[in-house]
Amino acid sequence: MSLDLNSVRDYLKHYDGPDVNLMEVCGSHTGAIAKNGIPSLLSDKIHLISGPGCPVCVCVSSYIDRLIELSLTENTCVVTFGDLIRVPGSQESLSIARGRGARVRMVYSPMETLDLAEKDPATTFVFAAVGFETTAPVYALLVEETKERHLSNVKLLTAIKTMPAVIDSLCSSHAPVDGFLAPGHVCAVTGYTAYEGLAKRYDLPFVVCGFTGPELLIGLTLLVKYRGQGIVKNAYPRVVTREGNQEAQALMQEVFEPAPAAWRGLGIIENSGLVLKGSYASCDAGSRDLSEDNKKNRACICDQVLTGRKKPVDCPLFGKVCSPMHPQGACMVSQEGSCFTWLTSGRQR
């Protein structure tokens, strides 16, 4: 079939083959799908499900609890991006803790931490390094710059995850997925060779996809077309190559090493995280062994939403006691979270 936009839209709207479940792994894809009104353009036989690709959403409660503990420690300030401030830990969020004296500073770039540390050498600044392979090179650069400037009052609490291992875990546990929109931002750094092995192992198609409306429609069309085939297609060639950004990969490998990581709702997944190497241990604020995940509200089903087994609307809290202003789970906090995008875009209708 032709991949011109009119043909693609017609194909997706009138598709009448077997039901197909397609997972957008990346949180940015979840947001872009909602923003572009993609669900309204699809046949009733094409089902989009969100995956564990929002870095804020997959943070376990013990990580948030550790940040709160640090923020309440004398002469210590936690530095973080805005979304993480509102993620519930086992009892409260950083936002609530700040109301009782916790020191929390929001920044737009991790590198701002260096200037804060230079201006206030009596305070230890702990950056909450949350993310995937997309942001890991920036965190590696932060560590390198910390050493270069001889700053002993900058540390990282890491919750850096890697994509291939979690997708492997989903597939091996028989998640209801017939194809994956591979994470475009991640693949810009890593390339897509790792997904070629996964595609062949599980006979599933992967499409590396961009974030505009037309790119998403083409990506979904390719997934439906290649259903049941172990193939990888790069529909984002203006940004992604097969090998990825090797300079960024080398920087990550210099500072970080693979390790088991805890994912909200998925437990411990071997080699799915990145932690600071021993030679950089002085920059670590206690990142290892943060695996406990106690729900603040036990009725929350974020864990099942993140694995594609439930939709946000299946949660009894959705849009009721759980909203962006009063999130009960991590999926309602971030603008890349599935529950947030479903509610704010009206996708639940």
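**Core and sheet**

I'll start with the inside of this predicted model. The largest nonpolar core has 95 residues, and those touching the most other members are Tyr 63, Leu 84, Ile 167, Phe 180, Tyr 195 and Phe 206. Two domains supply this core: domain 1 (1-293) and domain 2 (302-342) each give at least three residues.

Take Tyr 195 as an example. Which residues is Tyr 195 in contact with, leaving aside its neighbours within four places in sequence? They are Met 163, Pro 164, Ile 167, Pro 183, Val 186, Cys 187, Phe 206 and Val 232. There is also a second, separate core of 27 residues, and Ala 140, Val 154, Leu 156 and Val 189 are among its members.

Now the sheet. Strands of a sheet pair through backbone hydrogen bonds, and the pairing can be parallel or antiparallel. Here the pairing is parallel: five strands make an open sheet, and reading across it the order is S2-S1-S7-S8-S9. Strand S2 (46-53) and strand S9 (232-234) are the edges, each pairing on one side only. From one strand to the next, the twist averages 20°.

Look at one pair in detail. Strand S1, residues 20-26, runs parallel to S2, and six bridges join the two. Within that pair, Met 23 stands opposite Ile 49 of S2.

Finally, what packs on the sheet? Helix H7, residues 163-172, does, and it touches S1, S2, strand S7 (179-182) and strand S8 (206-208). The direction of H7 makes about 130° with that of S2.

That is the end of my part.

Terms used. Residues are numbered from 1 along each chain as its sequence is written. This is a predicted model: local features need pLDDT of at least 70, side-chain atom pairs count only at pLDDT 80 or more; totals for chains, interfaces and linings use all residues. Side-chain values use heavy atoms; hydrogens and water are left out. Two strands pair if DSSP finds at least two bridges between them. Helices (H or I, at least four residues) and strands (E, at least two) are DSSP runs, numbered from the N terminus. Axes are lines fitted to C-alpha atoms, for helices over the stretch in contact, and angles run from 0 to 180 degrees between N-to-C directions. Contact means heavy atoms within 4.5 Å. A nonpolar core is a set of buried Ala, Val, Leu, Ile, Met, Phe, Trp, Tyr and Cys residues joined through side-chain atoms within 4.5 Å. Buried means under 20% relative accessible area, exposed over 50%, partly exposed in between (1.4 Å probe, protein chains only). Domain bounds come from an automatic or database domain assignment.
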